[in-house]
Amino acid sequence: MLLSWKTRFVQVRDFRKAFRLISTGAINRDSSSGTKGDISPFQALFTALAATIGNGNVAGVATAIAIGGPGAAFWMWTVALFGMATKYAEVILGVKHRIEAKDGTMLGGPMVYLNEGLGMRRLSLFFAISALLGGIGAGNMTQSNSVALVLFSDFGIPKWFSGAAIALALWMVIIGGIRRIGSFAARLVPSMAMIYVTSCIIILIVNISELPDALSLIVNSAFTGTAATGGFAGATVARAMAYGFRRGTVSSEAGIGTAAIAHGAARTADPHKQGLIGMMGVFIDTMVVSSMTALVLVSTGAWSSGLISTEMTAMAFESVLPYGSFIIAVVSALFGFTTMVGWAYYCEQSLRYIGGLKFSIPFRWIYCGLAGFGAIFQVKPLWDWADIFMGFMVFANLTALVALSGEVKKISRR
């Protein structure tokens, strides 16, 4: 709310300009080649989206609606609207305060603007350590475990084989550093998102007569709660708000600060322009991908089936599309893998900030090895561990955003 006010609701005022910027990037017409940075502004956006578009958009949204009712989707949209301004501010500060490493690559993110912008060296190290440890858990091992579980339950592929394949594929991408990660993300992330969104649109077209009632139910449930029906136990307004806010925040990662690490590598001299591109990540992740999931679940009636997580989404897809559960299995595997790729960069940049360049190559090998390990063994405790470190990241990042909101205001109104 504070950042929306400080920027005069930049997410609304400059939405058309932001959309135009990512459109020109998509057709390779951005004019970023002559400025400092490692990857294009478009690649920076999709490197960040690689980490944010994940199984939370499929399973997380279903879980939120299964517990909080259809109204959770409305509150998810609400927090995403304000989250766009938060992401805009993070990216501005990530570009403005980034530093150039000895090897010529860029280093940005909350750990950098905490130190460079506020002189808070200890808090910057606190953020970097939290991002490194939290990313190894939530962004790597738990993701490989989820992918291996999907491949085993749907296709009978042994977990050890999935773990080895994931580790090898991950190594082939991240061993080339940010330039290869950026190129990979700019190609795969739009494609996999398009496959999922197109499948959702087909389902919505088939159920077009149910769509008005679905939208009405989402809005009404947000303010009146949801009565028990089918296998759904009912939900209050407070529960709908809680799960909607949680899903909107976790899905977009607005407030966590990770996107500033990816956008800090962009070839740009204009923090405002990159901030506009960055805030569209929230729009794509939550207002498009997650919204499609919510509308499909409600319009097909799967939300009241009593199922939860990926099973609910698979049921909704199966009700219209042949091999719908197969599509969900493949999409879940791809979403999980791209999340691992995005977080590999976040973790490495955090480690570079803590200890320097010498750890980069060894870390890439270790990260891939941990991915293979996570696919085979039970990693449930890592979720709790990762949640704690994510909370630490939010605390440190929001401290910086509030303290540096004056800078964001000046740049946004310049």
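These entries take the residue and then the helix pair.

Entry 1, ground rules. I am working with a predicted model, in which local features need pLDDT of at least 70 and side-chain atom pairs count only at pLDDT 80 or more, while totals for chains, interfaces and linings use all residues. Residues are numbered from 1 along each chain as its sequence is written, and side-chain values use heavy atoms, with hydrogens and water left out.

I found S405 in helix α19, residues 405–413. Helices here are DSSP runs of H or I with at least four residues, numbered from the N terminus. Is S405 buried or exposed? S405 counts as buried because its relative accessibility is 5%, and buried means under 20% relative accessible area with a 1.4 Å probe, protein chains only. I then looked for contacts (heavy atoms within 4.5 Å). Leaving aside neighbours within four places in sequence, S405 touches L3 and K6. The side chain of S405 also reaches the backbone oxygen of V402 at 2.9 Å.

How do the axes of helix α9 (residues 159–174) and helix α16 (residues 324–355) cross? They come within 10 Å and cross at roughly 45°; axes are lines fitted to C-alpha atoms over the stretch in contact, with angles from 0 to 180 degrees between N-to-C directions. On the α9 side, the contact is made by I166, A169, L170, V173 and I174, and on the α16 side by F337, M340, V341 and A344.

Terms used:
Helix = DSSP H or I, 4+ residues; strand = E, 2+ residues; numbered from the N terminus. Buried < 20%, exposed > 50% of the residue type's maximum accessible area, 1.4 Å probe, protein only. Polar contact = N/O pair within 3.5 Å; in protein donor to acceptor, adjacent residues only side chain to side chain.
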